[in-house]
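Here is a short briefing on one protein model. Look at the sequence and the fold first, then read the points below.

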Amino acid sequence: MSLIELIAGVEAHEATLTVFNADPAVTDELREHFADRNVRIVDDQTASGPEEFAVLARDGEFVTAVTVDELLSRPGEGETAATGVGVAESDEGGGESRERGGAGDRVGRPVLDHLDETMFTSYSREDMVAASREIEDRAWRVGDGELHAGFQTLDVLTGEADTYDLLGEKERLDVHAYAADEGDAPDVEHYTVHVGETAEIRETWFVAYDGGGYDEAKCALLAEERAPGEFYGFWSYDPETVEYIIDYLTERYGGSEQTDDGGATV
């Protein structure tokens, strides 16, 4: 199954969030917050029962239930929502620092946290960068295992060369970058570049981390650019899905590496 086929498979399993006994304005607000997610929002009324609660179901099966207040909770005073703003973090071992970023806000998090694969439907490049930083940051903090990232083209990869050299300097972190042969290849010191001559490398954006031996640390982001600057894909914290993505990349593109002279071997 290719990367694009994997996206289509996750897309087919749309989740439904049913909001019970709430004002229509509340349902509309939730629809707005979930507008870029593959979650259908419907409302319903019960003859008896609690006010303003929501039930998440997927493929006809119950996933979780939550109050509307919990769904619409926002950071209190003194708290910071993850909004893609870089925050410096120091490495305990060597005193190095790098930028971390966030993706999305806290609204809807009690639902999204219960989905192993969470679809999004209209991420911009800025959204994709912020989401990628979350996974890169996890790999940086654990400092072990494998990180695999797709950059579409060598030109894009060149713009991230410093970040990935820094990641690759982690002794126990094996970093792999994938790109189509468009533009000049960056100077590579601490990670491996795989040049893929396929449409899926040019059309997809992905970052996958194998958790460094911890299933709970495994995570992946995979998206297809369906229109210029618009990405459709999913987050996954499911160990099997993350392993599949990394195994596929290793088997499909593991033999196509950049050489010292800037060329590629296939």
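The protein has nine helices and 15 strands; these are DSSP runs numbered from the N terminus, with at least four residues of type H or I for a helix and at least two of type E for a strand. This is a predicted model, in which local features need pLDDT of at least 70 and side-chain atom pairs count only at pLDDT 80 or more, while totals for chains, interfaces and linings use all residues. Residues are numbered from 1 along each chain as its sequence is written, and side-chain values use heavy atoms, with hydrogens and water left out.

**Overall**

- Of the 266 residues, 47% count as buried (buried is under 20% relative accessible area, exposed is over 50%, and partly exposed is in between, with a 1.4 Å probe and protein chains only).
- Among contacts (heavy atoms within 4.5 Å) between residues at least 6 apart in sequence, 70% join residues at least 24 apart.

**Nonpolar cores**

- A nonpolar core is a set of buried Ala, Val, Leu, Ile, Met, Phe, Trp, Tyr and Cys residues joined through side-chain atoms within 4.5 Å.
- The largest such core has 32 residues, and Met128, Ile135, Leu147, Tyr164, Tyr191 and Tyr209 have the most contacts inside it.
- Helix H5 (residues 125–142) supplies the largest share of this core, five residues.
- A second, separate core has 20 residues, including Val10, Tyr178, Ala180 and Ile245.
- In soluble globular proteins, nonpolar side chains tend to be buried together.
- Leaving aside residues up to four places away in sequence, methionine 128 touches Phe120, Tyr123, Trp205, Leu221, Ala223 and Phe231.

**Helices H5 and H7**

- H5 packs against helix H7 (residues 161–168) at an angle of about 25°, and their axes are 10 Å apart.
- Here, axes are lines fitted to C-alpha atoms, for helices over the stretch in contact, and angles run from 0 to 180 degrees between N-to-C directions.
- H5 and H7 are therefore roughly parallel (under 35 degrees; over 145 is roughly antiparallel, 65 to 115 roughly perpendicular, and the rest oblique).
- Arg133, Glu136 and Trp140 of H5 meet Thr163, Tyr164, Leu166 and Leu167 of H7.
- Six of the eight residues of H7 are buried, so H7 is largely enclosed by the rest of the structure.
- Those buried residues are Ala161, Tyr164, Asp165, Leu166, Leu167 and Gly168.

**Leucine 3**

- Leucine 3 lies in helix H1 (residues 3–11) and counts as buried because its relative accessibility is 1%.
- Leucine 3 and isoleucine 245 are 242 residues apart along the chain, yet their C-alpha atoms are separated by 7.5 Å.
- Not counting residues up to four places away in sequence, leucine 3 touches Glu200, Thr204, Phe206, Leu222, Ile245, Tyr248 and Leu249.

**Loop residues**

- Valine 188 sits in the loop between strand E9 (172–180) and strand E10 (192–195), and at 28% relative accessibility it is partly exposed.
- Most residues other than glycine have a negative phi.
- Glutamate 52, not a glycine, has a positive phi of about 50°; its place is the loop between strand E2 (39–44) and strand E3 (53–58).
- Aspartate 59, also not a glycine, has a positive phi of about 55° and is found in the loop between E3 and strand E4 (61–67).
- Glutamate 52 is partly exposed at 29% relative accessible area, whereas aspartate 59 is exposed at 52% relative accessibility.
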